[in-house]
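User: I would like to learn how to read features from a model of this kind. Could we take them one at a time, with the general idea before the case?

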Amino acid sequence: MHREDPHRRLREAVGSVIEQAGADSSLLEALPKRWEKFADVALLQRGAFSGSEWEALAGEALWGAVADALKVERVGRIGEIVGERRESSVELLLGEDDFVVRRENGVDYGYRFTQCMFSAGNVNERRRMGEVGRAGETVVDLFCGIGYYTLPMLVHSQVEHVHSCEWNPNAIEALKWGLEHNGVSDKCTIHTGDNRITAQELTTIADRIVLGLLPTAEGGYDLAVNCLKESGGILHIHGVAPASDHDSWVEETIQKFEKLAPQFSITEAARVRIKSYAPHWDHLVLDLELRPRA
Ligand SMILES: C[S@@+](CC[C@H](N)C(=O)[O-])C[C@H]1O[C@@H](n2cnc3c(N)ncnc32)[C@H](O)[C@@H]1O
């Protein structure tokens with residue numbers, strides 16, 4: 001039975017590395033309890049096997065033992081998500097290259113996992129974005145990243161075209177790979193750079209806009225209103241709200257759009273709790289429908 005238990009395997013594998021090195025077996029009490037596994041990769045959490053006590057052991061033998069125990073070929077360790085460009089800093093501990101392909105809901109995402117983030121917790125929202133698009137629609141994805149929402153929308157719905165905005169070159173490289181590999185390049189235009197500049201050229205073209213930035217996408221609110229067709233459309237607004245009181249964030253957000261877009265009547269089409277963002281805080285998405293006032 002215990003051969004199936006990765007924690008047990010990890011303890012045994014790291015235990016023999018510690019023994020061979022003559023190190024202190026109490027280190028086994030500091031083994032990571034959680035990690036993310038996808039394709040042939042295991043991503044250890046920030047701080048795993050870190051600190052002076054592990055320094056002497058860190059190396060091929062230890063990372064090889066971890067890989068065997070977790071049944072993967074490559075091992076990385078999550079660092080900070082840093083800077084305005086929300087770049088994930090993952091350290092590659094074992095393996096030559098950091099390019100990985102993740103297949104999810106019939107969509108292939110290809111990206112360098114030391115350069116770009118991929119939030120496993122957003123899986124349902126990625127699926128939903130594959131379902132909401134309507135035939136003939138023009139969509140603007142203001143913070144598209146590697147194509148978390150752009151790709152499922154193009155692969156699974158009949159939308160006409162998606163304009164995807166991104167300023168992180170690593171994310172753009174991954175998006176191009178995704179569009180190519182999912183056979184949807186002809187239905188997407190990538191706008192490279194700061195969307196506060198690039199989205200200016202997308203005036204009154206969109207039926208639907210995705211504002212997928214955390215903890216707030218407020219920097220894109222006026223851009224979104226500018227991109228919306230005069231006939232209006234749907235906004236998918238991501239944000240963070242108190243877990244005990246989603247209403248206040250929803251009302252605040254609607255009021256902000258009422259100020260920004262007096263020409264539209266605004267109705268709440270849906271709100272979805274995506275995941276816990278931090279203790280007592282939830283990652284929400286609010287769907288607002290904006291239609292010309294009668
Ligand atoms: C982290 S992704 C969003 C992830 C995705 N929405 C999700 O929830 O899975 C946000 C992306 O927006 C990009 N970004 C942030 N501000 C931007 C701006 N002003 N112009 C263009 N891209 C921007 C970041 O580089 C990042 O790739």
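User: Let us begin with cysteines. How far is the sulfur of Cys227 from the closest cysteine sulfur?

Analyst: A disulfide is a covalent bond between the sulfur atoms of two cysteines. In this predicted model, the closest cysteine sulfur to that of Cys227 belongs to Cys165, at 6.9 Å, which is too far for a bond. A pair counts as a disulfide when the sulfur atoms are within 2.5 Å.

User: Is Cys227 buried or exposed?

Analyst: Cys227 is buried, because its relative accessibility is 0%.

User: How many disulfides does the count come to?

Analyst: The count is zero disulfides.

User: Next, the ligand. Which residues are closest to the ligand?

Analyst: The closest are Asn122, Glu166, Trp167, Asn195 and Gly212, out of 16 residues that surround the ligand. By residue class, the shell holds six nonpolar, six polar and four charged residues.

User: How should I read the overall layout of the chain?

Analyst: Start with the extent and the domains. The C-alpha trace spans about 80 × 45 × 35 Å along its principal axes. The domain assignment gives domain 1 as residues 2-94 and domain 2 as residues 120-292. The C-alpha centres of these two domains are 36 Å apart. In secondary structure, the chain has nine helices and 13 strands. Of its 294 residues, 50% are buried.

User: How many residues of helix 3 are buried?

Analyst: An α-helix has 3.6 residues a turn, so residues three or four places apart point the same way. Helix 3, residues 60-70, is mostly covered, with eight of its 11 residues buried. Those buried residues are Leu62, Trp63, Gly64, Ala65, Val66, Ala67, Ala69 and Leu70. Lys71 follows helix 3 and has a positive phi, near 55 degrees.

User: Where else is there a positive phi, and what should I make of such backbone values?

Analyst: Most residues other than glycine have a negative phi, and most peptide bonds are trans. Asn105, a residue other than glycine, has a positive phi near 50 degrees. Asn105 sits in the loop between strand 5 and strand 6 (107-112). Its relative accessibility is 30%, so Asn105 counts as partly exposed. Thr204 is another non-glycine residue with a positive phi, about 50 degrees. The loop that holds Thr204 runs between helix 7 (195-198) and strand 10. Thr204 counts as partly exposed because its relative accessibility is 38%.

User: Which residues does a cis peptide bond join?

Analyst: Leu214 and Pro215 are joined by one, with omega about 0 degrees. Pro215 lies in the loop between strand 10 (208-211) and helix 8 (221-227).

User: Now a polar side chain. Which contacts does the side chain of Asp98 make?

Analyst: The side chain of Asp98 has a polar contact with that of Arg112 at 3.1 Å. It also has one with the side chain of Thr114, at 2.3 Å. Asp98 is in the loop between strand 4 (87-94) and strand 5 (99-104). With 9% relative accessibility, Asp98 counts as buried.

User: Is Asn124 buried or exposed?

Analyst: Asn124 counts as exposed, because its relative accessibility is 51% and the cut-off for exposed is over 50%. Asn124 belongs to helix 4, residues 123-132. Its side chain makes a 3.0 Å polar contact with the side chain of Arg127. Arg11 is 113 residues from Asn124 along the chain, and their C-alpha atoms are 33 Å apart.

Definitions and conventions
Residues numbered from 1 in each chain as written. Predicted model: local features only at pLDDT ≥ 70, side-chain atom pairs only at ≥ 80, totals over all residues. Heavy atoms only, no water. Near = heavy atom within 4 Å. Nonpolar A, V, L, I, M, F, W, Y, C, P; charged D, E, K, R; others polar. Domains from an automatic or database assignment. Buried < 20%, exposed > 50% of the residue type's maximum accessible area, 1.4 Å probe, protein only. Helix = DSSP H or I, 4+ residues; strand = E, 2+ residues; numbered from the N terminus. Polar contact = N/O pair within 3.5 Å; in protein donor to acceptor, adjacent residues only side chain to side chain.
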